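Visitor: I am new to this structure and would like a close look at one part of it. Please take me through the protein surface beside one of the DNA strands.

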Protein chains: 2
Amino acid sequence: MVRIKDIAKEANVSEGTVDRVLHGRGGVSKKTADKINKILERRNFSINPVASALATKNNHTIAVLIPEYSETDSFWKLPYLGLLKASEDVKNIGLNVNYFKFDQYNSNSYMEAFTNLIKMKPSAVILVPMFLKETRVIINELKKAGTKYIFLNVDVEGEDGSVYIGQDSYMSGYIAGKLMKLSLTDGYDCCIMQASTSTGDNQAIVKRIKGFKDYYTAIKEEIKLHELKVESFGDEVKLASSVTLFLEKFPNIKGIFVPSSRVSAVVKILSEEQKESLQLIGFDNTPQNVVCLKNDTVLFLISQKPFDQGYEAVRLISDYLIKSKALKRKLYLPIDILTKENVDYNDANQLMFESDLKYQ
Amino acid sequence: MVRIKDIAKEANVSEGTVDRVLHGRGGVSKKTADKINKILERRNFSINPVASALATKNNHTIAVLIPEYSETDSFWKLPYLGLLKASEDVKNIGLNVNYFKFDQYNSNSYMEAFTNLIKMKPSAVILVPMFLKETRVIINELKKAGTKYIFLNVDVEGEDGSVYIGQDSYMSGYIAGKLMKLSLTDGYDCCIMQASTSTGDNQAIVKRIKGFKDYYTAIKEEIKLHELKVESFGDEVKLASSVTLFLEKFPNIKGIFVPSSRVSAVVKILSEEQKESLQLIGFDNTPQNVVCLKNDTVLFLISQKPFDQGYEAVRLISDYLIKSKALKRKLYLPIDILTKENVDYNDANQLMFESDLKYQ
DNA sequence: CTGAAAGCGCTTACAG
DNA sequence: CTGAAAGCGCTTACAG
């Protein structure tokens, strides 16, 4: 391993001068800079990041704005765990991550959390941009402060210079369409079921539905697609009555596509016979959904590596802050097709982290 | 951040003594050890791994024994890239990774590579145990030397204390069976196609076939499964003639399952009409296979995250050597279901690494 | 424009 | 059983 000291000796300069060249801090004559650069190149020098981190006392604060999760609606738990894991990994190099949680159904709590966040003057921000209008305000403030930000899981259109890490929602819907086609015996219809209550997150759902429909258009199949908007997936009684009515009205429906993470809520209100005869496809490996997959009430789940989304978001920001690596406009994570059989293997990283947590 | 210095001051001892307690090096009176431990606990101290790594000059050597890859048979490229990426990540903390490559069809080259490997006296070894008999010899030597080892991608049965990182082959075959069933219109047969030349690697293939068949047993379908052993996937002429003959003999075959990474070789020798009418399912996202997926000649690929296998292997060994984290018996990575539509999103990590390589 | 010295937090001999 | 000091490789003021 070649060290700054070695370079300095060979160039007959001090270590400080080599350091200046290395980081382009200026204040070095062209002549010596050239000389040093040549040696650097020839000896294939690269900075020891460990020593660098120790000496620099990097003291960056990363702030995360993310919805809180609950027992029944646990989608946001996995991204959170991924963020947590990465936070540990980068603590070594002087990065501290702080969390600000909000209620995903309440835009006031969103803004409130942001107000607390911005007080910390973070070096960078990872946020789930749930409410469009409020998000514009937030982005403006961040831009004014010159703070870099990454959108996690939810994208915002028309923001140049923004970074999105998540799934290609359109394509994931398209794939759901393909799987539905495979699962349905010819001649049967399919129903797309969504909640009419908007959570601000529905941009992804709209795109998934578009992709789903486009698949059927592309293959030129004469399958009828019905659409049912239920009031909410949370209210079992209402959900049950509207679904039952709908299925009675269109008895040819044999497939149900739920483009949100709430397919398990639909399963809950189906009769045994319906569970037998209907093919359900949904999104996201929440614990409730996984149960349905395993007891054969849901055939496929499309999953979006929520744990990895969190993890990668922190890693990207970290590389940006420490190694000034450029950020890409979009980082699409895998579109996982989950079945009863492969769901348990799906997130090895996440499982390893969870078992580590247990032993602490 | 609380430092050793802070603990030492509070306990009225030197930093060296705190360090002894921290690492259980002994030579500390019970009384002072207790005192220090209490303070450590109360102040929630944890070692700064960056400073630790720098001071220790960890100088571990990890040796990797892996098949070389070629243009046409590029399966081993991705695990290699994953290993490379992780090597970079851990270089900071004093881990050096050395590679020893062998010809996967030649057991002599396997042993030769190992002979060179063992001369380096590595702290740990990652190996692809291709040849069973030779592998037993290798394992014996490693055990004698007290060197920890990890099996990558290929498992060896009946070695207690061994560690495997890869896929659950049985289950991946089972899933292939399920997908085949979905893809075949009722009443048609399916053919399982494998090469009779063994590469030592065929244990995984045997298990995949077992899983595939078991799926059909489990669902009690009356689908006929034919089996064709071709001489080699490398010889186009012979392959073409034996496949053609077989398909003529059993015209009811509409599905072909190739439980190795060579499905693209089969596509190559099919006629246009055959490509149209046959449903092919294979393994692994090699460039050639991905091409077939995209031009609709292969319907599904089961993939085993080869890049991640390499990456995780190094990370596990690193945690074992540096943080003395226990190694698990098996680490199963995801069983990915790849289609034309999601294949490009499948390995974000790998893509990011490859684009980094380009810019270097 | 350049160098000498101190320091980041932990570990390693060495001395007692 | 315990402490004082030097060192890991890089960075940061400060002096000139």
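Guide: By class, the surface near DNA strand D has nine nonpolar, ten polar and seven charged residues. Here Ala, Val, Leu, Ile, Met, Phe, Trp, Tyr, Cys and Pro count as nonpolar, Asp, Glu, Lys and Arg as charged, and the others, Gly among them, as polar. A residue is near the strand if one of its heavy atoms lies within 4 Å of it. The model is predicted: local features need pLDDT of at least 70, side-chain atom pairs count only at pLDDT 80 or more, and totals for chains, interfaces and linings use all residues; side-chain values use heavy atoms, without hydrogens and water. Residues are numbered from 1 along each chain as its sequence is written, with chains lettered from A and ligands numbered from 1 in the order in which they are written.

Of the 26 residues around DNA strand D, those that come nearest are A:Ile4, A:Asp19, A:His23, B:Ser14 and B:Arg20. From chain B, a polar side-chain atom of B:Thr17 is 2.9 Å from a phosphate oxygen of DNA strand D. A base is reached too: a polar backbone atom of B:Ala55 lies 3.2 Å from a base oxygen of DNA strand D.

Methods:
Polar contact = N/O pair within 3.5 Å; in protein donor to acceptor, adjacent residues only side chain to side chain.
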